[in-house]
Amino acid sequence: MSQQPRLTDADVVQYLQDHPDFFIGKDDLLADLRVPHNAGAATSLVERQLSVHRQRNVELRQRLSDLLENARRNDQLFEKSRRLVLALVEAENWLAVQAALDDSLRKDFGVDAWALLHFTERNLDAPLVAIRNADTQRNIHRLFKGHRALCGQLGAEDIARLLGLDTTDSRSVAAAQIRGQGNNGVLTIASADPGYYRSSMDTLFLDYIADILALRLPQIPVA
């Protein structure tokens, strides 16, 4: 098979001379071309304008790419949240709620550690965590400093309290209070990375799941 003849600069020049209207309607191509102007040591105004135009195009493409990436992440978050909410709605008892949360938070969201604390005087079967002591409940409430949720670094003792443990290796935490009729508690997620959960982060997802739990838990019996 014979090779195609190699295109030379002279061929391109000749083609453009034969087709002087070639660039009409090809603004995108013109924006990417570099056509220097002989202005000595100074940069010509046209060349500067083209440079600015190219830079703005790069910035716009990056913004579009960021928007598409954010949309993709939001779609994934929505789908994960949807699966969790449906599992909570279908749960027939508190143990099923616990199982749905564990499956979602660990598998879908990659959470290192989590806990759902129930402020109740009832005896709950493991792995349900019942906080019956009123002083312990008040100490947990104080960690929120009057807010619905908290996010960031806490001392190991406070994080352990939010996880219903004696000790923990977690060093950053996000938690939301559950305020339901006849059912109160705290949903907590934690990480061993001190910087994983930061005070500047949004707790909207955790608040949303806590609201679902506040509505759902009073509707189902204790296992």
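This is a predicted model: local features need pLDDT of at least 70, side-chain atom pairs count only at pLDDT 80 or more; totals for chains, interfaces and linings use all residues.
The protein chain we have on the screen exposes about 15,000 Å² of surface, and carbon and sulfur atoms supply 51% of that area. Of the 223 residues in the protein chain, 32% count as buried.

Let me go through the layout next. Among the contacts in the protein chain that join residues at least 6 apart in sequence, 54% are between residues at least 24 apart.

Now to the strands, and to strand 4 in particular, which covers residues 172-180. How many of the nine residues of strand 4 are buried? Eight of them are, so that, under the cut-off of 20% relative accessible area, this strand is mostly covered. On one side of the pairing, strand 3, residues 149-153, joins strand 4 in the antiparallel sense over five bridges, and one of the residues you can look for is Gly152, whose bridge partner in strand 4 is Val173. Strand 3 is mostly covered as well, with four of its five residues buried. Strand 4 also pairs with strand 5, residues 183-191, where nine bridges join the two and they run antiparallel; here Ser172 has Ser191 in strand 5 as its bridge partner. Strand 4 and strand 5 form a hairpin with two residues between them, and in that turn Gly182 has a positive phi of about 75 degrees.

Let us turn to the interior. In soluble globular proteins, nonpolar side chains tend to be buried together. In this model the largest nonpolar core has 31 residues, and those with the most contacts inside it are Leu88, Val97, Leu101 and Leu213. At least two residues of this core come from each of helix 3 (45-90), helix 4 (94-108), strand 1, strand 3, strand 4, strand 5 and helix 7 (204-216), and helix 7 gives the most, with six residues. If we leave aside the neighbours within four places in sequence, Val97 is in contact with Leu88, Ala91, Leu116, Leu213, Leu217 and Ile220. Apart from this core lies another one, of 16 residues, and among them are Ile131, Ile140, Val173 and Ala175; you have already met Val173 as the bridge partner of Gly152.

Which residues make the nonpolar surface patch of about 370 Å²? They are Leu7, Val12, Tyr15 and Leu16. Leu7 is found in the segment before helix 1, which spans residues 9-18. Why does Leu7 count as exposed? Its relative accessible area is 66%, and the cut-off for exposed is over 50%, so Leu7 qualifies.

Arg122 gives us another case, in the loop between strand 1 (113-119) and strand 2 (129-131). Arg122 has a relative accessible area of 40%, and because that value falls between the limits of 20% and 50%, Arg122 is described as partly exposed. Arg122 and Arg132 are ten residues apart along the chain, and their C-alpha atoms are separated by 7.5 Å.

How values were computed. Residues are numbered from 1 along each chain as its sequence is written. Side-chain values use heavy atoms; hydrogens and water are left out. Buried means under 20% relative accessible area, exposed over 50%, partly exposed in between (1.4 Å probe, protein chains only). Two strands pair if DSSP finds at least two bridges between them. A nonpolar core is a set of buried Ala, Val, Leu, Ile, Met, Phe, Trp, Tyr and Cys residues joined through side-chain atoms within 4.5 Å. Contact means heavy atoms within 4.5 Å. Patches are made of residues with over 30% relative accessible area and no salt bridge: like charges are joined within 9 Å, nonpolar side chains (Val, Leu, Ile, Met, Phe, Trp, Tyr) within 5 Å. Accessible areas come from the Shrake-Rupley method with a 1.4 Å probe; for residues, only the protein chains shown count as cover. A salt bridge is a side-chain nitrogen of Lys or Arg within 4 Å of a carboxyl oxygen of Asp or Glu.
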